[in-house]
Amino acid sequence: MKREPKYTATTRYLGHILATIFLLTLIVACSEDENVIEPADTGLRMAVISDLHYYDPSLGMEGQEWQMGLFADPKLLTENADILSSLFASVKTTDAEVVLVPGDLTKDGEKHNHEAMAGFLRSLESSGKKVFVVPGNHDINNPVAKSFHGDPAQNIPGVTPAEFAQIYDEFGYGEATERDPASLSYVAELQSDLWLIAIDDCVYNTGEETPPTYGSISEATASWVVAKLQQAKAQNIRVVAMMHHALVEHFTGQSSFPVTAEYVVSDWQQRASSFAQAGMKVLFTGHFHANDVVSYTDGSSTLYDVSTGSPLSAPCPWRLATLYKDGRLILDTRTISNVSVPGGNFPQYATEYLNTGMTNLVAYMLVNDFGVPEELAGQVAPVVAAAYVANYAGDEEMDTASEQAVMMLNSLGDPTASLLAQLITSMRTDLPPADNVLTVTL
Ligand SMILES: [Ca+2]
Ligand SMILES: [Ca+2]
């Protein structure tokens with residue numbers, strides 16, 4: 001006769017403990033097999049906010065000159081203070097340790113707005129983050145720094161390069177381990193084995209009545225950047241870079257279309273090749289107001305140009321980026337949504353504002369700058385505007401309306417019409433990799 005085993009409460013209890021230990025062992029073994037991130041490598045968490053274009057509403061928003069400015073450049077300037085306030089509140093809630101701002105901190109380089117921006121950045125730092133800035137094309141020696149208390153608009157003080165560095169002393173210039181004598185470029189240490197190379201590619205002293213849109217890295221500054229990259233490589237130090245203008249074309253032909261050429265730095269292929277060869281692997285940029293990522297390869301060297309859109313242009317994005325020691329860079333995108341506007345739906349309001357503004361601007365430019373007949377301009381402008389909206393948002397694709405417009409334009413046998421067809425196609429054809437949520441290995 002088989003005897004039934006007798007379980008006591010104690011043996012059942014011991015059994016549970018043994019089962020738990022066994023399970024825990026399994027979990028640990030599985031974790032090791034899957035090669036989870038070592039606790040020591042939590043990565044460096046960065047927020048990237050670009051093209052903030054701050055303008056203090058108390059400087060006035062009245063008059064035809066103000067309205068003309070909005071027509072020529074359809075940014076959400078009227079709503080900018082509320083939008084930036086929402087942005088800074090959101091950035092504060094993240095666990096980002098570093099905040100990168102690749103230029104265009106102010107509407108047009110007004111000293112008043114720079115000082116206010118420094119106050120906002122100080123408040124970000126008091127929430128436990130380190131902020132680093134470089135100038136954009138609007139920020140320094142800007143001849144159109146104005147207040148708008150009715151027509152005519154009034155000139156107000158701007159800033160010189162030295163004043164810019166002084167105002168943003170706590171946000172890069174004061175903690176720089178090295179500064180480029182030829183520009184406002186600098187090196188700062190983000191971690192003991194990670195440098196930020198902040199590159200100033202802006203052109204300040206043209207003597208023109210309006211600030212230049214294009215950017216250019218002087219030979220002296222390019223050599224300085226290459227020397228810093230080589231020094232980092234020799235010391236086994238990783239590098240993250242930032243600059244205002246794109247270093248690499250973000251869509252095919254961007255540097256040659258008349259309306260988009262000035263958004264890519266001059267001599268971009270030469271600069272991109274030398275920086276990639278010297279070891280630059282990732283560069284955060286802004287300027288075009290588009291969320292986009294492209295790569296550039298020279299031989300065995302590849303770099304990623306990560307462009308971040310503006311909070312003042314739909315979809316009002318900013319980025320979170322985490323860089324691990326094994327080279328993985330995880331990029332995520334956030335958009336600003338909680339701003340009070342007529343109708344209550346801010347994302348929809350921002351998209352309609354950009355769409356309408358770009359449609360009107362493109363129609364005007366087609367007729368007045370490119371000699372396109374008014375009827376054709378009226379037909380094509382909404383398609384070009386929609387291409388901008390899609391390109392700014394990132395991960396863009398062709399749609400039926402664009403395909404039909406491209407076919408119609410190509411059938412006209414006119415050089416301007418063909419160029420427009422190319423522009424629409426290029427702006428809707430995303431170059432790899434993806435733009436908003438992705439992981440790349442540097
Ligand atoms: Ca892309
Ligand atoms: Ca894209």
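**Strands, core and domains of the predicted model**

Strand β9 (residues 194-199), helix α6 (residues 219-234) and strand β10 (residues 238-243) make a right-handed β-α-β unit. A crossover is called right-handed if, with the strands pointing away from the viewer, the path from the first strand over the helix to the second runs clockwise. Helices (H or I, at least four residues) and strands (E, at least two) are DSSP runs, numbered from the N terminus. The structure is a predicted model, in which local features need pLDDT of at least 70 and side-chain atom pairs count only at pLDDT 80 or more, while totals for chains, interfaces and linings use all residues. Residues are numbered from 1 along each chain as its sequence is written, and chains are lettered from A and ligands numbered from 1 in the order in which they are written.

β9 and β10 pair in the parallel sense over 6 bridges, where two strands count as paired if DSSP finds at least two bridges between them. Within this pairing, tryptophan 195 stands opposite valine 239 in β10. β9 also pairs with strand β8 (residues 186-191), to which 5 bridges join it in an antiparallel arrangement. The two strands β8 and β9 form a hairpin with 2 residues between them, and valine 187 has isoleucine 197 of β9 as its bridge partner. Strands of a sheet pair through backbone hydrogen bonds, either parallel or antiparallel. β9 is mostly covered, as 5 of its 6 residues are buried. A residue is buried if 20 or more other C-beta atoms lie within 10 Å of its own, exposed if 12 or fewer, and partly exposed in between, with C-beta atoms placed from the backbone.

An open sheet of 3 strands has the order β2-β5-β6 and mixed pairing. β2 (61-62) and β6 (154-155) stand at the edges with a single partner strand each, so one side of each is left without a neighbour in the sheet. β2 and strand β5 (residues 146-149) run parallel and are joined by 2 bridges; glutamate 62 stands opposite histidine 149 in β5. The loop between β5 and β6 holds proline 152, which is joined to aspartate 151 by a cis peptide bond with omega of about -10°. Another cis peptide bond runs from alanine 314 to proline 315, with omega near 5°. Proline 315 lies in the loop between β13 (301-307) and β14 (317-323).

Histidine 53 is in the loop between β1 (44-48) and β2 and counts as buried because it has 27 C-beta neighbours inside 10 Å. Aspartate 395 is in the loop between α9 and α10; with 16 other C-beta atoms within 10 Å, aspartate 395 is partly exposed. Aspartate 399 also lies in the loop between α9 and α10 and is partly exposed, with 14 other C-beta atoms within 10 Å. Aspartate 399 is 12 residues from alanine 387 in sequence, and their C-alpha atoms are 9.5 Å apart in space.

The 13 residues of helix α11 (residues 415-427) should span 18 Å at 1.5 Å a residue, which agrees with the 18 Å between its end C-alpha atoms. The expected span is 1.5 Å times one less than the number of residues in the helix. Leu420, Ala421, Leu423, Ile424, Thr425 and Met427 of α11 are buried. The cover over the buried residues of α11 includes α9 (374-393) and α10 (400-411).

The domain assignment gives domain 1 (44-338 + 434-441) and domain 2 (346-427); such bounds come from an automatic or database domain assignment. The C-alpha centres of the two domains lie 27 Å apart, and 23 residues of domain 1 are in contact with 20 residues of domain 2. Contact requires C-beta atoms, placed from the backbone, to lie within 7 Å.

The largest nonpolar core has 119 residues, of which Val99, Phe132, Ala241, Met242, Val384 and Ile424 touch the most other members. A nonpolar core is a set of buried Ala, Val, Leu, Ile, Met, Phe, Trp, Tyr and Cys residues joined through C-beta atoms within 7 Å. α9 gives the most to this core, with 13 residues. Domain 1 and domain 2 both give residues to this core, so it lies between them. Leaving aside neighbours within four places in sequence, methionine 242 is in contact with residues including Leu100, Pro102, Val134 and Leu196.

Conventions
Contact = placed C-beta atoms within 7 Å.
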